[in-house]
Number of protein chains: 2
Amino acid sequence: MDIKKNNIYCKRNIGMMMDLYELTMANGYFKQENAQKKVAFDVFFRRNPDQGGFSVFAGLEQIVEYIEGLHFSDDDIEYLRSLHLFTEDFLEYLRNFKFTGDVYAFREGTIMYPNEPIITVVADLIQAQIVETEILAQINHQSLIATKARRIVKAANGRPVSDFGARRAHNNDAAIYGARAAFIGGANGTATVSAGQYFDIPIGGTMAHSWVMYYEDELTAFRKFAEIYPDNCILLVDTYDVVKSGIPNAIKIFDEMKANNIQSKNFGIRIDSGDLAYLTKVARKMLDKAGYKDAKIVISNSLDEYTITSILSQGGQVDSFGVGERMITSKSEPVFGAVYKLCAVENEGKMEPRIKISEAIEKITNPGLKEVYRIYNEDGQAIADLLAHKDEEVNMENVYRFIDPEKPWKKREFVNCTAKKLQRLVIKEGKRVIEPEKVTDIAAFVKKQLETEIWEEEQRFENPHKHYLDMTKSYYEMKMNMLDK
Amino acid sequence: MDIKKNNIYCKRNIGMMMDLYELTMANGYFKQENAQKKVAFDVFFRRNPDQGGFSVFAGLEQIVEYIEGLHFSDDDIEYLRSLHLFTEDFLEYLRNFKFTGDVYAFREGTIMYPNEPIITVVADLIQAQIVETEILAQINHQSLIATKARRIVKAANGRPVSDFGARRAHNNDAAIYGARAAFIGGANGTATVSAGQYFDIPIGGTMAHSWVMYYEDELTAFRKFAEIYPDNCILLVDTYDVVKSGIPNAIKIFDEMKANNIQSKNFGIRIDSGDLAYLTKVARKMLDKAGYKDAKIVISNSLDEYTITSILSQGGQVDSFGVGERMITSKSEPVFGAVYKLCAVENEGKMEPRIKISEAIEKITNPGLKEVYRIYNEDGQAIADLLAHKDEEVNMENVYRFIDPEKPWKKREFVNCTAKKLQRLVIKEGKRVIEPEKVTDIAAFVKKQLETEIWEEEQRFENPHKHYLDMTKSYYEMKMNMLDK
């Protein structure tokens, strides 16, 4: 089944999803004779959201699709002409525009850290400039939500987490690609139908308060639901009064099912308001006492890693979590700050490094074409990431000396390590050279790294260990020389 | 020019943008004989973002377009069948689905307050249920951003505010509809090209750091830019060093333009990092001293109503603001909590009120079909909003006694007032009955209300006056009677 390819949703023309300055600069470059020069831009971010120890890379597949399909329609050209900013020959150039450059990227789902190039675009000046906004918007959105989801999943400590956030998302794409990203980060599924349709994510859902309010009384509403969905019979018990009405009525329905010999695969209650720690404990006792130890308790309502941790630490009795607004907007920190910075410009056939200095030290960029390695110790744990020149040999058979650029006096040496390149070519001369990955495989890749490679100390919420980003001696000296100039 | 109608972006099939429970409930209702019963759902929110005194209603046009075009494609039906949740006759029903109900709504751009029905959907049970998620997602996203933009525009105190946020938005729709909403809230324009294209919003932009870094040196980069865009020559001065390099180089370029008799319509500098209050004061002095009192100073970098207020209160010298992530994500409060609650169900030809009780008092709904009036005093200022029964006569020629439901002991009386109905029919039997409004007209409507109708005391950031939401005596008694039962 390849529904996606047929769906107009995914065939949108998003070529014009860019900042105007990309076009005004491109128009400027177009007038220069050197507009065909190759340049390289790095995508990187400066800190992990929520003071976390790592982030989850998500959104690559949409970027590859975007770049492969990038074009400007006649309507687009007509609109741009109406702005009276561009020359006719530049508009003609746009009409025939195709991206023909190379793109390198981490595998989607890679655990990533600040200041390393997660994507590098190597292309003609104009082409590289034009793709900036959409690349950043995808990375910034999906990595934000994947990273947040991972935190929430960690707090849930093995219990399933479902995305219930569509209605509070920042419009359709935020709901749909957000559900995708949440799944990559470890959510078990989503309530958003189109996300299930486009990305083959498990979808689920129960009932709304409106179901209960529609019928004359709560008991009738529950009974009607149980008749139709005996195998997914999670009854929403907080429309009127959880303890006095909702749970007793749910128990009556479970009794009726039992009396009718109906074995439900999945039954229980959902609580969507009130003191969830208290109510789930009361609910568990009432359900157990009635003989329904296998009845599930699902909770929702403004959950995130902090409220979930709190509810569980109070002994809250919860089987699964429906997480809405705080995951789909990453409410506690709704901005992922990835940026797109020029790092090299072709000169006489060679890629010359470029650097951006700034008033703010953390805004100084890492210049030049480079390679990122993840360094693993003998036990397979990731001890550091390493920046090297693109063409530099990094051989772990020798003892290697690295430099932590934040603490250059701390020389670091590693023995018996292995190094893995994190970037790989994903688009070559405008054509994708990687297969689309299933989101289930991407999610499994995230899980595996966190279980086997990434230190537990980087995964805790409070004061996580800061992953080292080292540089080879040669790369560090090049950067320092540029700063001195 | 009607580009929008031709653009595939706006023709997306978003019928499946919903929560699964809407379909499982619909499938359930479909099996009941009473699925053709009319019901009414209200959309309302519970509090203003950022402890503000009001919110700005945005997103209506997209809701009307969505409801008019709502359908399910063959691919959609095929996907739903694959879930094994729905009967074939229900899938056939969906294949032929059209919304045939009525929708009432505030005019887009209306200043709105908590707990009043900004939209009411009156339709068959299933139809009304199915549109829930998309209506909420549009309202929640666009009203959030419009409300935030208004706060930022107020802080800017007459200086233009531009949306620079696309790259940090929560994906494409958030950037594009967010730019629309920001413009409705009072922003002067956006950098996002497709938002300009679809909604006829002014677009603008200058240069990125990459322009400066691409050339051998900053002066050359500035000179090249000034040659191409003499009339929109805002030079980005913080790539290397604002005071030592950026501003002196900009002044050299302005000198060259003057020497060549080039009169620029719009020239100046942009600062995107560092201590913006300090740097703008230094920049102003340097520019003035060089004879460029009319050179503009534009700032950007993590601006919102709080940082703008702070910069201006320190005497920062700013002509306009480029506002990115904190407006396009409403960073300080990224969730607008509008909900969709059943308020009435048809019974023997009459709409019977329904109410949702809750553990949390603020979650108790206002039952029944109702009308919202805005009450104006003799000076045309909005002194309260008023809930009444749909068919109740509200006549301001008499002295009217209202009840503030939060302080029912405070009886309130108004004389010489006028009352304006806030809801109007926007979709009748599935067809739109309002013309699409231009965003410039919606933005002007917002501005007019805030300048002439809405108390200044409701508009301040700190402890704004809380707008009264009163009820007629008859409506209040009906609600109290339902609560007693």
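The model is predicted: local features need pLDDT of at least 70, side-chain atom pairs count only at pLDDT 80 or more, and totals for chains, interfaces and linings use all residues. Residues are numbered from 1 along each chain as its sequence is written, chains are lettered from A and ligands numbered from 1 in the order in which they are written, and side-chain values use heavy atoms, with hydrogens and water left out. Chain B and chain A bury about 9500 Å² between them. Over all chains, the structure holds 58 salt bridges.

**Where chain A meets chain B**

- Chain B brings 115 residues to the contact and chain A brings 116 residues. Contact means heavy atoms within 4.5 Å.
- Carbon and sulfur atoms give 58% of the buried area of about 9500 Å². In chain B, the residues that lose the most area to chain A are B:Arg167, B:His170 and B:Tyr214, together 10% of what that side buries. Buried area is the accessible area (1.4 Å probe) that two parts lose on being put together, summed over both.
- Six salt bridges are counted between chain B and chain A. A salt bridge is a side-chain nitrogen of Lys or Arg within 4 Å of a carboxyl oxygen of Asp or Glu.
- By class, the side of chain B that touches chain A has 55 nonpolar, 34 polar and 26 charged residues. Ala, Val, Leu, Ile, Met, Phe, Trp, Tyr, Cys and Pro count as nonpolar, Asp, Glu, Lys and Arg as charged, and the others, Gly among them, as polar.
- A:Glu22 and B:Arg167 join their side chains in a salt bridge (3.6 Å, N to O). A network of salt bridges links A:Asp19, A:Glu22, A:Glu132 and B:Arg167.

**A buried tyrosine in chain A**

- A:Tyr29 sits in helix 2 (residues 20-31) of chain A. Helices (H or I, at least four residues) and strands (E, at least two) are DSSP runs, numbered from the N terminus.
- A:Tyr29 is buried, with a relative accessible area of 0%. Buried means under 20% relative accessible area, exposed over 50%, and partly exposed in between (1.4 Å probe, protein chains only).
- Leaving aside neighbours within four places in sequence, A:Tyr29 is in contact with residues of both chains, among them A:Leu125, A:Ile126, B:Trp211 and B:Tyr214.
- A:Tyr29 and A:Ile126 are 97 residues apart in sequence, yet 6.9 Å apart in space, C-alpha to C-alpha.

**Strands**

- Chain B has an open sheet of six strands in the order 7-6-11-10-9-8, with parallel pairing. Strand 7 (189-190) and strand 8 (233-236) of chain B stand at the edges, each with a single partner strand, so one side of each has no neighbour in the sheet.
- Strand 6 (residues 161-163) and strand 7 of chain B pair in the parallel sense over two bridges. Two strands pair if DSSP finds at least two bridges between them. B:Asp163 has B:Thr190 of strand 7 as its bridge partner.
- In chain A, strand 16 (residues 400-403) pairs with strand 17 in the antiparallel sense over four bridges. A:Phe402 has A:Arg412 of strand 17 as its bridge partner.

**Positive phi in loops**

- Most residues other than glycine have a negative phi. A:Asn416 has a positive phi, near 55 degrees. A:Asn416 is in the loop between strand 17 (411-414) and strand 18 (418-421) of chain A.
- B:Glu348 has a positive phi, near 50 degrees. B:Glu348 lies in the loop between strand 12 (339-347) and strand 13 (350-353) of chain B. B:Glu348 is exposed, at 77% relative accessible area.

**Salt bridges within a chain**

- A:Asp272 and A:Arg270 form a salt bridge (3.7 Å, N to O). A:Asp272 is buried at 16% relative accessible area, and A:Arg270 is buried at 5%.
- A:Glu451 and A:Lys447 form a salt bridge (3.4 Å, N to O). Both lie in helix 16 (residues 439-452) of chain A, four residues apart, about one turn of the helix. A:Glu451 is exposed at 58%, while A:Lys447 is partly exposed at 48%.
- B:Glu88 and B:Arg81 form a salt bridge, with the closest N and O atoms 2.7 Å apart.
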